[in-house]
Amino acid sequence: MIWEELDEALILTDIDASNYSDVMEIMGREFVSNGYCKDTFVEALKEREAEYPTGIDIDGFGVAMPHTNITHVNKSAVGIGVLKNPVTFTHMGTDDEEVNVKLIFMLAVQDPNAHLEKMQAILSVIQDKDVLAKLALAKDKKEIISLIKEKEMA
C-alpha cells in the first residue's frame, strides 16, 4: 500500500512552479537530499519526461507520475506534490496533447519489476475524483497520508 511507504519529507504542498521542469527540480531535490536518489535523478526526470510524458487527465483533473530509470535510485519511494497553480505537462502516450496538472505522484523505483505495480497502486487511488479534489486542497502532510490510507483501505 502506498500510504505505508510515504515519507513526509517527500510530500510537498503549495509548490510554486511555472513549468514541469520546476516541478522536477523542487520535488527531485527532496528525493536526492533525503538519500532516496542519486545526484543524477533530477536531470534524468526531465529527460525522461521530455521523451515519455507522464501527464494524465482524469475527468478534467490533471495528474502526473514522473519517474526515471532505476540507475538513478538508491531506494524506492513515492513523493506527492500539490501545486499552487496548475502546470502544463504533455499527456501520457501523446506528443502534443497538454494537461494542466495540479497533483504530482513522483516515483523512485529501485526494482524494475515493481514499477508497474507502483503505478497501478497510484492509479487505483487517483481514479477517484473526490480523493483527487481533497488531495489538491490538502495543506497538511498527515492529511494527505490519511486521505490515501482511507482510499486504499476502503
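Tutor: We may begin with a definition: a salt bridge is a side-chain nitrogen of Lys or Arg within 4 Å of a carboxyl oxygen of Asp or Glu. Please bear in mind throughout that this model is predicted.

Student: How many salt bridges does the structure hold?

Tutor: The general idea is that side chains of opposite charge can pair when their charged atoms come close. The structure holds six salt bridges. In one of them, the side chains of Lys142 and Glu8 meet, with 2.7 Å from N to O. Because Lys142 belongs to helix H6 and Glu8 to the loop between helix H1 (2–5) and strand E1 (11–15), this pair ties together parts that are 134 residues apart in sequence.

Student: Are Lys142 and Glu8 buried, partly exposed or exposed?

Tutor: Here a cut-off is needed: buried means under 20% relative accessible area, exposed over 50%, and partly exposed in between. Lys142 has a relative accessible area of 54% and is therefore exposed. Glu8, at 31% relative accessibility, counts as partly exposed.

Student: Which residue forms a salt bridge with Asp14?

Tutor: That residue is Lys139, and the closest N and O atoms of the pair are 3.2 Å apart. The two residues lie in distant parts of the chain, 125 residues apart: Lys139 is in the loop between helix H5 (129–137) and H6, and Asp14 is in strand E1. Lys139 is exposed, its relative accessible area being 53%, whereas Asp14 is partly exposed at 35%.

Student: Where do Lys151 and Asp128 lie?

Tutor: Their side chains meet in a salt bridge of 3.2 Å, N to O. Lys151 is in helix H6 and Asp128 in the loop between helix H4 (115–126) and H5, so that the pair links distant parts of the chain, 23 residues apart. Lys151 counts as partly exposed at 28% relative accessibility, and Asp128 likewise counts as partly exposed, at 22%. Elsewhere, salt bridges that share partners join Glu25, Arg29 and Lys46 into one network.

Student: How should I read the packing of two helices, and at what angle do H2 and H3 cross?

Tutor: One considers the axes, the handedness and the residues that meet. The axes of helix H2 (residues 20–33) and helix H3 (residues 41–51) come within 8 Å and cross at roughly 145°. This crossing is right-handed. On the H2 side, the residues in contact include Glu25 and Arg29, and on the H3 side they include Lys46. Also among them are Met24 and Phe31 in H2, and Phe41 and Leu45 in H3. By class, the contact of H2 with H3 has eight nonpolar, two polar and four charged residues.

Student: Is Thr54 buried or exposed?

Tutor: Thr54 has a relative accessible area of 1% and is therefore buried. Thr54 lies in the loop between H3 and strand E2 (55–58). A polar contact of 2.7 Å joins the side chains of Thr54 and Glu49. Leaving aside neighbours within four places in sequence, the residues in contact with Thr54 include Val63, Met65, His67, Phe89 and Met92.

Student: How far apart are Lys149 and Asn74 in sequence and in space?

Tutor: The two residues are 75 residues apart in sequence and 25 Å apart in space, C-alpha to C-alpha. Lys149 is found in helix H6 (residues 141–153), and it is partly exposed, with a relative accessible area of 35%.

Methods. Residues are numbered from 1 along each chain as its sequence is written. This is a predicted model: local features need pLDDT of at least 70, side-chain atom pairs count only at pLDDT 80 or more; totals for chains, interfaces and linings use all residues. Side-chain values use heavy atoms; hydrogens and water are left out. Axes are lines fitted to C-alpha atoms, for helices over the stretch in contact, and angles run from 0 to 180 degrees between N-to-C directions. Helices (H or I, at least four residues) and strands (E, at least two) are DSSP runs, numbered from the N terminus. A crossing is left-handed if the near helix is turned anticlockwise from the far one by less than a right angle, and right-handed if clockwise. Contact means heavy atoms within 4.5 Å. Ala, Val, Leu, Ile, Met, Phe, Trp, Tyr, Cys and Pro count as nonpolar, Asp, Glu, Lys and Arg as charged, and the others, Gly among them, as polar. Buried means under 20% relative accessible area, exposed over 50%, partly exposed in between (1.4 Å probe, protein chains only). A polar contact is a pair of N or O atoms within 3.5 Å; within protein, one must be able to donate a hydrogen and the other to accept it, and residues adjacent in sequence count only if both atoms are side-chain atoms.
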